[in-house]
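Trainee: I'm new to this one, could you walk me through it?
Mentor: Gladly; have a look at it, and then ask whatever comes to mind.

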Amino acid sequence: MLKLPQILGWRPVTRGRHERPTAELPEETFRPEEIDAAIEALALPEDLEEVLTDSPSQGSEETREQAETTAEEEAPPPAAPSAAGGEEPPGQADFLAGRQFWANRQPEQALEALLRAGEQGHREAQYLCGRIYQQWVQDEGRERLALTWYRRAAKQGHLDAQLSCASMYEQGRGAQMNLKRALSWYEQAARQGSVEAQLKCGCMYSQGRAETRNPKKARHWLETAAAGGSEEAQRILRERF
């Protein structure tokens, strides 16, 4: 458990490789004795605090990456899990508990609760776990873990998680650079109305990144982005089309 000075100080450290807890959780979670090390590496950003308080081995990892087919990623995202009869969706109680723990400056309990919710399929908790690993855990494997959690949420149709997956694949962060996967995730986000993703798709098709140049698709996405208010898309259309 963190002592009060540690909680108030929010001092990041870089010791040990963090795993997710196993106590009362499925496999591939931190072990309880490693929670302190993981949490001490967290800082409390203002934007993440707002989300939490206001909003509802490398080789083996690469093998799993290769096993995921492009067809799977291009399939329409399934609906978010919901419970019948007005019951809470799986993981909702742990998700709400995680938000409350974080608001109370109890990061150890917050991370545990969010991981539990994520393992139960709660997509918002999965996305927040990805953000925590990517932005605030000081560990060499943090981006790989972040991408793992982003993908879980993205496959359930979480828009911000799809954008995060696309960006990480495009930049080669958390996995080898894969422009085809990046474009696939950008297109899924674009179909959900993300102007940022629509612009990205238009530019990638126009420049021939990820695949052969496709002026027809490029124009479609650029016009869609321009209609959504993107000044950059409007400029590209004037200059190139």
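Trainee: How many aromatic pairs does a search of the whole structure find?
Mentor: Bear in mind that this is a predicted model; a search of the whole structure finds one aromatic pair. Tyrosine 127 and tyrosine 150 form that pair, which is tilted, with 5.8 Å centre to centre and 40° between the planes.

Trainee: And where do those two tyrosines sit in the chain?
Mentor: Tyrosine 127 belongs to helix α8 and tyrosine 150 to helix α9, so the pair, 23 residues apart, links distant parts of the chain.

Trainee: Buried or exposed, those two?
Mentor: Tyrosine 127 is buried, because its relative accessible area is 10%, and tyrosine 150 is buried as well, with a relative accessible area of 1%; the cut-off for buried is under 20%.

Trainee: What about the largest nonpolar core, which residues touch the most other members?
Mentor: That core holds 41 residues, and Leu114, Tyr133 and Tyr186 are the ones that touch the most other members. At least two residues of this core come from each of α6 (92-103), α7 (107-119), α8, α9, α10 (159-171), α11 (179-191), α12 (195-207) and α13 (215-227). The largest share, seven residues, is supplied by α9.

Trainee: Ala233, then: which helix is alanine 233 in, and what does alanine 233 touch?
Mentor: Alanine 233 lies in helix α14, residues 231-240, and, not counting residues up to four places away in sequence, alanine 233 touches Leu199, Leu222, Ala225 and Ala226. Alanine 233 counts as buried because its relative accessibility is 0%. In sequence, alanine 233 and valine 195 are 38 residues apart, while in space they are 9.4 Å apart, C-alpha to C-alpha.

Trainee: New topic: how many disulfides does the structure hold?
Mentor: The structure holds zero disulfides. Two of the cysteines can be checked for burial: cysteine 129 counts as buried, at 0% relative accessibility, and cysteine 165 counts as buried, also at 0% relative accessibility.

Trainee: One more, where is the place of aspartate 139?
Mentor: Aspartate 139 is in the loop between α8 (123-135) and α9 (142-154).

Trainee: Is aspartate 139 buried or exposed there?
Mentor: Aspartate 139 counts as buried, because its relative accessibility is 13%. A polar atom of the side chain of aspartate 139 lies 2.9 Å from the backbone nitrogen of glycine 141.

Conventions: Residues are numbered from 1 along each chain as its sequence is written. This is a predicted model: local features need pLDDT of at least 70, side-chain atom pairs count only at pLDDT 80 or more; totals for chains, interfaces and linings use all residues. Side-chain values use heavy atoms; hydrogens and water are left out. Helices (H or I, at least four residues) and strands (E, at least two) are DSSP runs, numbered from the N terminus. Buried means under 20% relative accessible area, exposed over 50%, partly exposed in between (1.4 Å probe, protein chains only). A polar contact is a pair of N or O atoms within 3.5 Å; within protein, one must be able to donate a hydrogen and the other to accept it, and residues adjacent in sequence count only if both atoms are side-chain atoms. A nonpolar core is a set of buried Ala, Val, Leu, Ile, Met, Phe, Trp, Tyr and Cys residues joined through side-chain atoms within 4.5 Å. Contact means heavy atoms within 4.5 Å. A disulfide is a pair of cysteine sulfur atoms within 2.5 Å. Rings of Phe, Tyr and Trp (its six-membered ring) pair if their centres lie within 6.5 Å; planes under 30 degrees apart count as stacked, over 60 as edge-to-face and the rest as tilted.
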